[in-house]
Structures are given as structure tokens and as C-alpha cells.
Amino acid sequence: MNPRPDHSQLVAPDDGIARGDVLLDVRNVSLSFGGVKAITDISLNVLKGEIRAIIGPNGAGKTSMLNVINGFYTPQVGTIIFRRKERCSMKPHEAVGQGIARTFQNVALFKGMSTLDNIMAGRSVMMKRNIGWQMLWRGPALKEEIEHREKVEEIIDFLEIQHIRRTPVGKLPYGLQKRVELGRALAMEPSLLLLDEPMAGMNLEEKEDMSRFILDVNQQRGTTIALIEHDMGVVMDLSDRVVVLDYGKKIADGPPDEVKNNQDVIDAYLGVPH
Amino acid sequence: MFYRTAGQFKTTYQADHALFPVRQDAVLLGIVLILAFVVFPLTASEFAFRALLIPVLIYSLAALGLNVLTGYAGQLSLGTGAFMGVGAYACYKLISIFPEMNIVVALALSGFFSATVGVIFGLPSLRIKGFYLAIATLAAQFFLVWLFQKWAWLYNYNASGAIQVPNIDFFGITVAGPRAPAIVQYYFVLCIVCLLTFFIINITRGRIGRMWKAVRDMDIAAELVGINLMKTKLLAFFVSSYVVGIAGALFVFLWRGAAEANLFDIPLSFRVLFIAIIGGLGSVLGNFLGAILIVALPVVISSVPEAFGLPLSSATVEHLNIMIIGALIIAFLIVEPHGLARFWAVIREKLILWPFPH
Amino acid sequence: MEFLNNVLVKPFADMAAAPDFLIQVLWEGLVGGVLYALIALGFVLIYKSSRIFNFAQGIMVVFAALTLVGLHERGIPAYLALPLTLAVMFVLAVSIERVVLRPLVNQPDIILFMATIGITMFLIGFGELIFGGENKVMITEQLMIPTGSFEFEPFGGFVSIEQKDLTAVIGAVILVAALLYFLNKSKIGRAIRALGDDHQAALSVGISLSTIWVIVWFIAGVIALATGIVWGARAGVSFALEVIAFKALPVLMLGGLESVMGAIIGGLAIGILEKVFEIYWGQPLLGGNTEAWFAYMLALLVLLFRPQGLFGEKIIERV
């Protein structure tokens, strides 16, 4: 097998935060829908350069947590500090501008578009040429299109999906769709990448591939990653620190080994009555 | 055997981003353009210009405008006819207030009027989705046609309530009005349609086109990759209504010669929608194929039985026409929801492999 | 000042000055509203059971009325023409299910919606081809609908209520009551509602999709026939009147696509409001004929504040 090409030129943007410092700080956040409490008073932080896992049984509030982080839901209580800037509410598309990208539990690709177009769509925000140049397809617009195409081709190489470049993603098998979705998130050049169950529904081989991509993204590009995953083996191997949620509350937080032996966590997973 | 893509390698992304990366496609387009610019004008009769060629071009343009909104950005509109009307009335007022204005300038400006109205009626699309939005576009349809009837200033207080196109010169040649020769009008329309089609192709294959398609395919995901839904949808309404408005101005000025408010009513909106559906939503080529079919169908229905010695009354032709169009739409949706354009794509794929089965 | 007076004060002064006329206007609006509600009801029924937005519902009204009158014109007596028309509507329901719905099952909503536009066009062409495109008179007397009118003199004024309108209102109430009873109490009614909630779940407990669809489209056809008779008695029968069928659409926007009550209340509200607006604001201030768009603008305004309509279910977006 060929050695993996070096993609170190694809680095995460410099956001002035040193490796190991706090990149994202969520403080005392609560979220409820009507009378249903999804998240109760949770605080957690993500350090620059780490892989942070969020785990917990079904309905523990993991996806809600990601939705709060990238602005899809606005929490009723609490503050979120990202890149040293505090924010309360914002539109999801603004989160992308600040450097947060994500993938979804159920693949959320643009089904009618090709792999290439899907990943290019991830770069929409970075492309600035106005409609006047666009309709001529000359000069700055063409130059911009080609610059971004080069970046996208690097991602396509990195994820080993060259052969499906022109295939409409609706026709791809599930595992490849997940990979394209990762590609689209990478195309946004995020400083924080949120992955919502990146390995759900995959077979062992696909899981191994995906783990390798996640590690490579983290190590070669220096991208900070927060992920939700149910496969405990994967979580314990990949992540630097793990936070465990249950019924919308935080019950443990720490390195994988420590969390694994925490009595509350074991109870939550085995289902001790509350 | 003649349609091979093998051996045509691209060494730069620029070459890969050409309008026709495959050489044969470019040749084919060349042939079509030669037909349109040289062969048809030399051979077509006055009837062919007025009954087939000019309406096909104008309907194609209107359907192209609608396709931007419905096929690319996924916002179903049932009010195309009214937006064509805005373009036509705007052009009429511009020409009557500034008789010296160049017709091309007037056309380009009238597009901005319909685009503005389009954006206003597009605002609900930020809150309303799907069927509800489709019905909301009918609000534009009925309100605007009512306005065309009641606002006498729009038709210069004519007793008839209709707008009449005066003779208009374009650099010394009469292009519109009763004195304009059909061949001149044909060339004029052809040039405008080619230019706008070129612009739309470029817009739809670049960043803006991808943003539209992203909103169409999954609006929540589009928002979460950083696409501003409001701007993207309103831009689609703007561009779409701009093109539709120009098509409406051409419809009256270069083809009908006169128009009453009810010309822009529901049936026109539907005819344009059918062209877009039968041609293929989300395709540029499809609009032209669909327009050819819809414009030619009544001509065929009336002339074929006549050739067999069974002339039909004009009312019967019209009824049969509506019935067949309805059946065609259902048939297309069942057999090939992506319309005539997809048929061409399938044929093309077969040609690339021919004479081998795989 | 003059303008404000004309918009805000004068219409109400007019209403107070001639209460008998106001009553007449309200009654006319109410009858119109009953018709809108009936058309909208056909929509809701089909939407609830199959998630299809049936654009053809309005045309089915005209088609049913045209078939009835057309059959009578060919010498078939009314008591035979009526069941024959019902049979035609049943055949129509079966053919739509066979030819259109079955091949398109599981397609995106928008494709099915466009298919119903295709049905609309086909029915217009087909109906005109067979029965002719000219305006026809509804066979009101042959169907034993009374044609006289009741006259009152409240407040020293004069109000006239046509008996056929009154019959229409009473007929509509009975029809709606029967329909609600059928939906809530009968086995098929429950199956229809189950299909609306979840197709696959309903299929997995043994509800036959195609049977239900035929039944639902047939019921929609019966409602269409009833609407067609009433409406034809008021305005004549011809496809030129298809525009009135478009009036049912804002009723749906207002009432929500899935709510039977919404369709009824929305229909009545729009019927009355548009009449009142036309008489007191439209004709004196805007040159009249505001009924062409008033319902749509009203519905649009409501939707801007409640995107799911007044009675629709709230949409929660998830990822």
C-alpha cells in the first residue's frame, strides 16, 4: 500500500489560540422545549487541538448540545465563549463564519448534487465574487472558482473519494455519504469540527477508515474535534477527553480511562433506576 | 463511435471548467447555433417565425427564469405570468415616458421592475415553505393581474384597457410594432435569449448555483454550512423574476404586439410551468426542448388530422391540446420526472458507449 | 384626512346606516364561504390520507357539475343522471388511483402535486371535448331544489334570502356532519386517519393503500358533485369559472392543510370577509373586483405570523 500523502499544507486557520488552551467554553447552559428539559446546567470546555468525545445513552441531550454549540438552538440560560468571544444567540450560518463546522447524525447532504459540488458548497462562504463576474465566468470569478477547486481536490484526495467526484451523492452508499459529509465540513476549514455520530451504521472496515480520517484531520491539520459516538471502543481509542451526559445532566468528565471506571457512568449505561 | 470522451484529457482545472468539457458537445451546440442563426432565417416562412420560432424562444426564456427559482432554488412558483406582466407593463411605460430610449435599455430596465416585485413577493418564502409558498405565489398572480386592470396609468388610460406596441427603431431598423418584419424580430429575440441563457448557465454552475441547489436539496443543512438562506432565496427570486420580466416584455413587444391584463393570467403561468416540468426542472437545455414541444403541439394537432382529410374545429384542437398536455405531464412525471433534458442525457450516455452495450 | 376618513370611518358609518344591507352582504358572504369550505374540505381529506396536495379538487367540482348537466342535456332524466354522475366520479377515482397515484407512490410531494396539475389540465380538456366549452345552466328544478326566496324586513329595511342558497347551507351542514361521523366512527374512517399519520405504519397493520385512496378520492368526488350543484345553481356551469376553485387555496393556507375544522372556519371567514371588504372598501375605494385577490392577501398576512396556518400543526425543525 502506498504511504499516505502528506496533507500538512491543509492546516486549520490560525485563530491566535495556542495548542492546549481553551477554544470553546460552555458555561452553565440549560435548554428546554416547552416543558421538556433537554439540557440542565451543563458546563464543558474543548481545548485547542484535542479530540473531545460527548457520550451518553439515547436522549441524553448530546445532539442538543451540538445544536447549541453551533447556534441551531439558543439556550435559555448560560453563556458560550468561543475563541475568547462570548456570544448568546446567533444564526447557524454565522457560526460557520466563526469557524465551527459539523456533520449530522442522519446524513444531511445535498442529494441532487455531485460529490464535488457538495464539497464546493462547503466553501460558499469563502467565495466572494459577485453575480456580475459570476454570469460572465471570466476573470476573478473563474480564478476564484479554480483556487477553491484546488483546495477541494486536496480534500477529495485526502478522503480517497476521487472516483465518485462526479456522482450525485444520493446514489452513493451510506458509508461514502458520511465521508463526503466529512469532506464538506473540512472544506469549511473550521477551527472546531463537530461530528454527530460519524460512525453510525457503518461496518467494521468503514469504521476503521473513518477513525483514520478523524485522527489524520486532528493530527495533520491540527483541527479541534468534538464528536458524539456510541461505539465505546472507538471513543476510548480516539478521544483525549470524554464527557458523559445522562438525562440532560453531566455525570462525568475526564480522560477515557477515568470515565470508563466511573460508577455513575456504569450505572447510566446499565440503567440503574433514578 | 463518433461520440467518444476517451482521450480528451484535461491538464488544468480551467479546461475542466470549460462550458463544454467534451468536444462533441461543443460541436453539437455549434450546429444548433448555425441552424438558429443561418438556416432557419433563410428557410422559414412568415408563419413559421410568428407561430413557431419566436414564441419558442420567448417561452424558453420565461421557463428558464422560472427554472432558476423552481428547478435550482426549489421554490415552487405559480405566478410566472404576472411577473411577465410586470416586465411588459414596465417596458411599455418606459417606452411611453421616454420615447427616445433604446429598446434594449428599456428591456434591461424593465427586468429590474419585475425583479423588485419578485423579491417583494419572495419575502414570505423566508417563513413559508412548500405548498404554502406555492399558494402564496398565487397571491402575486391574482393581485398583479387585478392591478394591471384597475391601474389605468399603466395602460396610458386607453379606452380599450390594452397596451399597444408602437413602432420602435433599433439603430435605424424597426424591431417592434406593426411595421417590424418577422425576421428582424426573430434575430433580435434570438440574440437576447442567447445572451441571457449564457449568463444563467454561468450563474447556475458557479457558487451561486451551488447555494441555490443546496437550499433546494436541504435548507437546514445549507444553513449549517454557512449559507444565508434569506439572501440566497431572495437572490433566486431576483434573478428569476428579472429573466421572467424580460421574457414578458419580449412576449408583448416582439411577438403579440398588444396585450390586455388577462393575457398574463393563470393559463400563462401554467403554460410556462409545464414547459419547465416537461423540459426538466434544474436544467437549462430542458426549457428549450419543453418550449418546442408545447408550442408545436397545437400546430401538430391541427395540421395532422387535416392532412388525413379530417379537419378539426379550432375549439376541438384547443380542448385536445389541453387534454394531451395534461396527459403528457402525468406521463413525464411517471416515466421521467426529470423531463426531456434527462432523455437527452440518457441518449448521450448511450452514444458515448455505442456500439458496445456497456 | 379625507383618505383616512374613507378608510377608517365611512365604511362603518355605512354599515350602521343600512343594517339590512349589511345582513344581506353577510348572508351572501356566508353562502360563498360555505362553497369555499366544501372545496377546501375535499383538499383536506385527500391531504390527510395521502399527503397529496390535490390541485385538481376545484376542477373536479366543475367536472362533476358538467357531467351532471351534460348527461341531462342528452335526455337522461335527473333521477338517473345523478347516480350516473356518482358512478363517473367513482370511475374517475379508480382511474386516478391506477394511472396516476400508484405509479407515483413514494415520489416526492412536489411531483405528486404537479401530477394533480396534470390531472387538472386533462379534466378541463376532456370535459370540454365531450360536453362543450359553453356556459350551461344547472338543472336546479329537476333536482327539486326550491328556487324561490324568503324576504324579511328587519330594521325597516329589506333582506332577501334565496331558498336554493338556504338549501345549500343546510345541505353542506348535513354533508360535513356525515363526513365527520364517517371519519371518526367508521373503520374506514379510522384507517384514513391512520394513513395520514404514518403511511408505513398503517401499511404494516394491514390497511390497503390503494383501496383507501380510491375511497378517499371518491368521497372527494362526491363532495365535488355537491359543491358543483350548489355553485352551478348560483353561477352556471363552465370551466371559465375554474378561477373560483382557486379561492379554496387561501382557505387552506388559512385553515392549515390537515384540519377539517380549519377548512370550515377558514372558508366561512374568507367568504364573509372578502364580501364585506369588497362592498365597503373595494368598490368605493379600489375600483372593485377585489375578491380576485383579497383572500390570498389575507391568508398571506396570516401565514407570515403563523406559517402553519391557524389550525395546522406546529412544525418543529430537527437535524
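The structure is a predicted model, in which local features need pLDDT of at least 70 and side-chain atom pairs count only at pLDDT 80 or more, whereas totals for chains, interfaces and linings use all residues. Residues are numbered from 1 along each chain as its sequence is written, while chains are lettered from A and ligands numbered from 1 in the order in which they are written.

**View 1. The antiparallel sheet of four strands in chain A.**
The sheet is open, and its strands follow one another in the order S2-S1-S4-S5 (chain A). At its edges are strand S2 (36–47) and strand S5 (85–87) of chain A, each of which pairs on one side only. Neighbouring strands are turned against each other by 20° on average, direction ignored, where axes are lines fitted to C-alpha atoms, for helices over the stretch in contact, and angles between N-to-C directions run from 0 to 180 degrees.

**View 2. Strand S4 of chain A and its partners S1(A) and S5(A).**
Five bridges link strand S1 (residues 22–33) with strand S4 (residues 77–82) of chain A in the antiparallel sense. Within this pairing, Val77(A) of S4(A) is the bridge partner of Ser30(A), and Ile81(A) of S4(A) has Asp25(A) opposite. S4(A) also pairs with S5(A), again antiparallel, over three bridges, and here Ile80(A) stands opposite Arg87(A) in S5(A). The hairpin of S4(A) and S5(A) has two residues between the strands, and in this hairpin Arg83(A) takes a positive phi near 50°.

**View 3. The mixed sheet of six strands in chain A, with packed helices.**
This open sheet runs in the order S6-S7-S8-S3-S9-S10 (chain A). Strand S6 (100–102) and strand S10 (249–254) of chain A each have a single partner strand, so one side of each is left without a neighbour in the sheet. From one strand to the next the twist averages 20°. Strand S3 (residues 51–55) and strand S8 (residues 224–228) of chain A run parallel and are joined by four bridges, with Arg52(A) opposite Ala226(A) in S8(A). Helix H1 (residues 62–69) of chain A packs on the sheet and touches S3, S6, strand S7 (192–196), S8 and strand S9 (241–246) of chain A, its direction making about 150° with that of S7(A). Helix H10 (residues 263–270) of chain A also packs on the sheet, touching S9 and S10 of chain A, and its direction makes about 130° with that of S10(A). Contact between two residues means that their C-beta atoms, placed from the backbone, lie within 7 Å.

**View 4. The crossing of helices H4 and H10 in chain B.**
Chain B has 14 helices and four strands, and the axes of two of these helices, H4 (residues 80–97) and H10 (residues 229–256), come within 7 Å and cross at roughly 65°. The crossing is right-handed, that is, the near helix is turned clockwise from the far one by less than a right angle (left-handed if anticlockwise). Residues of H4(B) in the contact include Phe83(B), Gly85(B) and Cys91(B), while those of H10(B) include Gly245(B), Gly248(B) and Phe251(B). By class, this contact has 12 nonpolar, six polar and no charged residues, with Ala, Val, Leu, Ile, Met, Phe, Trp, Tyr, Cys and Pro counted as nonpolar, Asp, Glu, Lys and Arg as charged, and the others, Gly among them, as polar.

**View 5. The side of chain B that touches chain C.**
In this interface, 30 residues of chain B are in contact with 41 residues of chain C. On the chain B side, the elements giving two or more residues are helix H6 (130–150) and helix H13 (314–335) of chain B, and the largest share, 13 residues, comes from H13(B). The residues on this side divide into 25 nonpolar, three polar and two charged.

Not counting residues up to four places away in sequence, Val302(C) touches Leu254(C) and Leu310(C). Met253(C) is 49 residues away from Val302(C) along the chain, and their C-alpha atoms are separated by 8.5 Å.

Definitions and conventions
Pairing = 2+ DSSP bridges.
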